[in-house]
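Morning, everyone. Please have a look at the model on the screen, and I'll talk you through it.

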Amino acid sequence: MSTISIIGSGGMAAAIGGLAAKAGFGAQEIAKAAPADAEVIKAFNTHFSHVLAAGPVEGHPLDVFIAGDDAQAKARVSAFIESLGLRPMDTGPLLMARTLEHACLLSLGLIAHSVKHTHFSIGVSLLG
Ligand SMILES: NC(=O)c1ccc[n+]([C@@H]2O[C@H](COP(=O)([O-])OP(=O)(O)OC[C@H]3O[C@@H](n4cnc5c(N)ncnc54)[C@H](OP(=O)(O)O)[C@@H]3O)[C@@H](O)[C@H]2O)c1
């Protein structure tokens, strides 16, 4: 099984680390500085940490949007996401990371103007 390194112990680290521990990945470790040739995959930023920590509600998969340039690295991250009981959704190259960042603004707009709380997730409804 892969080793998952998580930097810090903040809200997102605790949420993802908690899911990873439940899925059998074991203790978290503080990552050493990534090597210069490390592949970068953007993931997990479109959910509130408490939503991730709670995990998917039955019948409502939690979609984790990912972006990156390396297909193998994306496949590994996707497999990790699936092992946590979440659903990976590939959005394309790393350039899409800036689009995923805007999901935060979308969430804030929903909180302020329609949903009025933070217990929701942004995801994809597959209609066929
Ligand atoms: N919370 C959410 O719901 C949410 C949702 C989507 C995206 N995000 C994003 O996820 C990231 C983490 O958010 P969070 O809520 O988990 O924040 P957090 O609870 O404030 O935790 C931040 C963590 O990062 C560490 N850290 C800060 N600066 C560092 C540095 N220079 N080198 C190494 N570690 C450093 C902190 O360590 P120390 O405590 O030792 O300073 C802490 O463990 C942010 O970029 C945030 O925008 C958060």
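This is a predicted model: local features need pLDDT of at least 70, side-chain atom pairs count only at pLDDT 80 or more; totals for chains, interfaces and linings use all residues.

The protein has four helices and three strands. Starting from the N terminus, the order is α-β-α-β-α-β-α. There are 128 residues, and 30% of them count as buried. Now the contacts. Take those between residues at least 6 apart in sequence: 66% of them join residues at least 24 apart. The accessible surface is about 7,900 Å². Carbon and sulfur atoms account for 60% of that surface.

Next, helix α1, residues 11–22. How far apart are its end C-alpha atoms? They are 17 Å apart. That agrees with expectation, because 12 residues at 1.5 Å a residue should span 16 Å. Which residues of α1 are buried? They are Ala13, Ala15, Ile16, Gly17, Leu19 and Ala20. And what do they pack against? Two other helices: α2, at 49–54, and α3, at 71–83. Just after α1 comes Gly24, with a positive phi of about 95°.

Last, the empty space. Rolling a probe the size of a water molecule over the atoms shows where such space is left. I'll take the second largest pocket, which holds about 160 Å³. Its lining includes a run you can find quickly: Ala54, Gly55, Pro56 and Val57. Val51, His60, Pro61 and Leu62 are in the lining too. By type, seven lining residues are nonpolar and four are polar.

Technical notes:
Residues are numbered from 1 along each chain as its sequence is written. Side-chain values use heavy atoms; hydrogens and water are left out. The expected span of a helix is 1.5 Å times one less than its number of residues. Buried means under 20% relative accessible area, exposed over 50%, partly exposed in between (1.4 Å probe, protein chains only). Contact means heavy atoms within 4.5 Å. Accessible areas come from the Shrake-Rupley method with a 1.4 Å probe; for residues, only the protein chains shown count as cover. On a 1 Å grid over the protein atoms alone, a cavity is a set of points where a 1.4 Å probe fits but cannot get out, and a pocket is an open set with protein on both sides within 12 Å along at least five of seven lines; lining residues have an atom within 4 Å of a point. Grid points are joined across faces, edges and corners, and a volume is the space filled by probe spheres set on the points. Ala, Val, Leu, Ile, Met, Phe, Trp, Tyr, Cys and Pro count as nonpolar, Asp, Glu, Lys and Arg as charged, and the others, Gly among them, as polar.
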